[in-house]
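Good morning, everyone. I'll walk you through one model today. Please have a look at it first.

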Amino acid sequence: MSTDPNSVEEVAAGLRGVGYLPGDSTALVSFLAAKLGKPVLVEGPAGVGKTELAKALAKYLGRELVRLQCYEGLDEAKALYEWNYRKQLLRIQTESGDTGWDAVQDDIFGEQFLLARPLLTAIASPEPVVLLIDEIDKTDQEFEAMLLELLSDFQITIPELGRVEARTHPVVLLTSNNSRELTEALKRRCLYLWLDYPDPEHELEIVRMHSPELPETVARKLVEVVQLVRELDLKKPPSIAESIDWARALLLLGATQIDQTVFRETMSVIVKHRTDLDTVAERVGVRLEPAQAA
Amino acid sequence: MSTEELEFDGQLVAFAEDLRSEGMAVGTSELLDAFSALELVNWASPSQFRETLAATIAKSPEDRRRFDLVFERFFFRASELQAVRLDVSEPQSRVSGDEVDLDELRRQIARALEEGGESDLRDLARLAIAAFGKAQGSGVLGVDVQRIRRALGLRTEPQPDLPLDDPRHDGIDRDQLRRFEQALRRELERNQIERNRSLPPKRALTDLDRSLPGGPVQDLAAVHRVVAQLRRRLASQGHELRGHSRHAHVDVRATMRASLQTGGVPVELKYRPRRPRRPELFVLCDVSTSVTSASTFFLSILHALHDVFRKQRSFVFIERISEVTEVFQRERDFRSAAAAISRDAGVADVSGYTDYGRVWSEFLAEIEDELHPRATVIVLGDARTNGRPPREDLFAAITAKAGRTFWLNPEPRLYWNYGDSVIAAYEQHCRAFECWRTDQLEEFVKALTRPTAS
């Protein structure tokens, strides 16, 4: 069952329905992506929910999510397709001697010897899918160039088989952490979405949605503290995922207030570097109320 | 198709032109995307209209910032132009300065600011102008804006002498105040246009407008682009200069592998690929207090060069030199690299004054054996010796050993050799460039990649 949205508001409500609170532009760009069939380039700091957006979109649209995790040295064999070499060998060996060369050749380059990797899977799927190409900035430029054919025409050329064209139009999301400038050609083909840390109200809503049992006052305080911590110059500022984790931790501890003691004990949930820990303890910890004597 | 629609298309194209004139690359395909995307969304909502255009046209945070500024400017001017043409004017506010209780108005505006949404700001601004602005307009918008703000008593810092329930007691939120000032400015501009019945010439964006809040990161992107260009030029230059196939090395492994196809007989010889000759760089960067403002720029050049050249050794210096090659290899991120340098480099000496003579002698002692005619030395510094001996003889020794030496000076040429600047003494031995903007960096790149006479 797949959904076909008709307005931006519908997308926003739909994403909410599957547990993702989109900002205005997020909903708008998702809507455009589904309607126009253009890939979306999502950029922003780590942990603001770029990957989550793809998952939520897949869930809401009722489509399967095909994910390609990029890394340095990723090549076409890992991303597009590969011939199943062992199976081909077996096929040749079981063949009796009198079969002609042509017959064998036609045989071993058939679809049953093809190993589909994520990109081919997404293209060839009979049902429309959501294709997530995660951390595209980790790959090299050659791979990006290879993607261009796929992203503009939604087709892949396999020399032995011919062209595989998309039967359905996938929604494509590319995410990038901005560790490398992407090529203009790729950017030109994409819609662009910049996801930033949410403003306090939005983040409060997100935290409340993920741990509704947490008292409102604690949640509010938590968001305030996280925003304070983000303003510091840290190696790794806390992301939304970390505020959610922290909320859960506080819930487990049954905290009713974030005071200095609680903060010191649970700080490591949101700050993950030793040097950062010191900075945060110095700059934020002291601003909180001291623990009440029990 | 009605004429109105045609006009809208034209407006959008004109908007794209405007963006291009501010240096954004807007492709035709992106414009087409914008048109097809606009068909899908609700135009009547300004925010959707704007976000749709942004998603199809502005493809980086820097571009987005520029897009927003140009968007404001363009559509404000377009609507004002239309108003002037059709001779529409805003109804004048009925309040005049003497009738309203000014203190009460001050309080109300401050309160509304604290709660206020975007649309209220405009009304507030008009109210404020009606109450405080009319009497003595200076004609300069920025001055008027500040005058009105002061008259309203709006400040970001707390004002403890005001009553507790007054929002100004704790100070106004900085962002909110900035938005209010923008609204004020816009309304004043509108008034001016109405009075003069013509549009003032449009103001091009300055570097200050364009820069993202939050520091020199946007410079970094520009510097990286220039340096990437540098790399391409150097690589291709290497190809041209090399003699054609003087000698080639047989790649034994590849030859053996190829021979498997011919039953183990090496029919086809495989050669090692010819790698372009990588130039070796030695970069010396001044990080003393006299170049504080430029040192971020310098460090970003260093950082970008490190991304590109494998064989590069970098040094920072104040009184003494310290090698930071490792820091740049370890830290990919510019900010952390800069932080690590200020922390670990150990050049922050007591005086904090540059001592070029000492720097040269230390550099020579450490590096002399590794300098060769193919090496390039780049010095980033202002050549201000603080009265210490410049020791150009040592510098001459360095330049004699190295193939080429360049000096990038962050000061405008006008200030060279004034005061304690001794760049003239060094300029005899190297080529000096003034370099405090990225376009000047490009000039340097051109010079660096120009084939040498040898």
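Let me start where the two chains meet. This is a predicted model. In it, 22 residues of chain B are in contact with 18 residues of chain A. Which helices of chain B supply at least two residues each to that side? They are helix 2 (28-38), helix 3 (46-57), helix 4 (61-86) and helix 10 (217-241). Helix 3 of chain B gives the most, with six residues. Sort the side of chain B that touches chain A by class, and you get eight nonpolar, nine polar and five charged residues.

Now chain A itself. It has 14 helices and nine strands. Of its 294 residues, 33% are buried. Now take the contacts in chain A with a separation of 6 or more: residues 24 or more positions apart account for 77% of them.

Let's go to strand 1 of chain A, residues 40-43. Is one face covered, or both? Both. A:Val40 and A:Val42 are buried on one side, A:Leu41 and A:Glu43 on the other. The general rule is that side chains in a regular strand alternate between the two faces of the sheet.

Strand 1 of chain A has two partners to look at. One is strand 8 (residues 171-176) of chain A, which runs parallel to strand 1 and is joined to it by four bridges. There, A:Val40 stands opposite A:Leu173. The other is strand 9 of chain A, again in the parallel sense, over four bridges. In that pairing, A:Val40 stands opposite A:Leu191.

Those names come back in the core. The largest nonpolar core has 67 residues. Which of them touch the most other members? A:Val40, A:Leu57, A:Leu119, A:Val130, A:Leu173, A:Leu191 and A:Leu193. Take A:Leu57: beyond residues up to four places away in sequence, it touches A:Ser30, A:Val130 and A:Val171. A second, separate core has 48 residues, among them B:Phe298, B:Val379, B:Ala402 and B:Trp407. As a general point, nonpolar side chains in soluble globular proteins tend to be buried together.

Next, a loop. A:Leu195 is found between strand 9 (191-194) and helix 10 (200-210) of chain A. Why do we call A:Leu195 buried? Because 21 other C-beta atoms lie within 10 Å, and the cut-off is 20 or more. Leave aside neighbours within four places, and A:Leu195 is in contact with A:Thr26, A:Val42, A:Gly44, A:Val48, A:Gly49 and A:Lys50. Look at A:Gly44 in particular. A:Gly44 and A:Leu195 are 151 residues apart along the chain, yet their C-alpha atoms are separated by 4.9 Å.

Last stop: helix 12 of chain A, residues 240-253. How does its length check out? With 14 residues at 1.5 Å each, it should span 20 Å. Its end C-alpha atoms are 20 Å apart, so that agrees.

Which residues of helix 12 of chain A are buried? A:Ile240, A:Ser243, A:Trp246, A:Ala247 and A:Leu250. They cover an arc of only 115 degrees around the axis, so they sit on the same side of helix 12 of chain A. In general, an α-helix has 3.6 residues a turn, so residues three or four places apart point the same way. What covers these buried residues includes helix 10, helix 11 (216-231) and helix 13 (260-266) of chain A. Just after helix 12 of chain A comes A:Gly254, with a positive phi of about 70 degrees.

How values were computed: Residues are numbered from 1 along each chain as its sequence is written. Chains are lettered from A and ligands numbered from 1 in the order in which they are written. This is a predicted model: local features need pLDDT of at least 70, side-chain atom pairs count only at pLDDT 80 or more; totals for chains, interfaces and linings use all residues. Two residues are in contact if their C-beta atoms, placed from the backbone, lie within 7 Å. Ala, Val, Leu, Ile, Met, Phe, Trp, Tyr, Cys and Pro count as nonpolar, Asp, Glu, Lys and Arg as charged, and the others, Gly among them, as polar. A residue is buried if 20 or more other C-beta atoms lie within 10 Å of its own, exposed if 12 or fewer, and partly exposed in between; C-beta atoms are placed from the backbone. A nonpolar core is a set of buried Ala, Val, Leu, Ile, Met, Phe, Trp, Tyr and Cys residues joined through C-beta atoms within 7 Å. The expected span of a helix is 1.5 Å times one less than its number of residues. The arc is that of the directions from the helix axis to the C-beta atoms. Two strands pair if DSSP finds at least two bridges between them.
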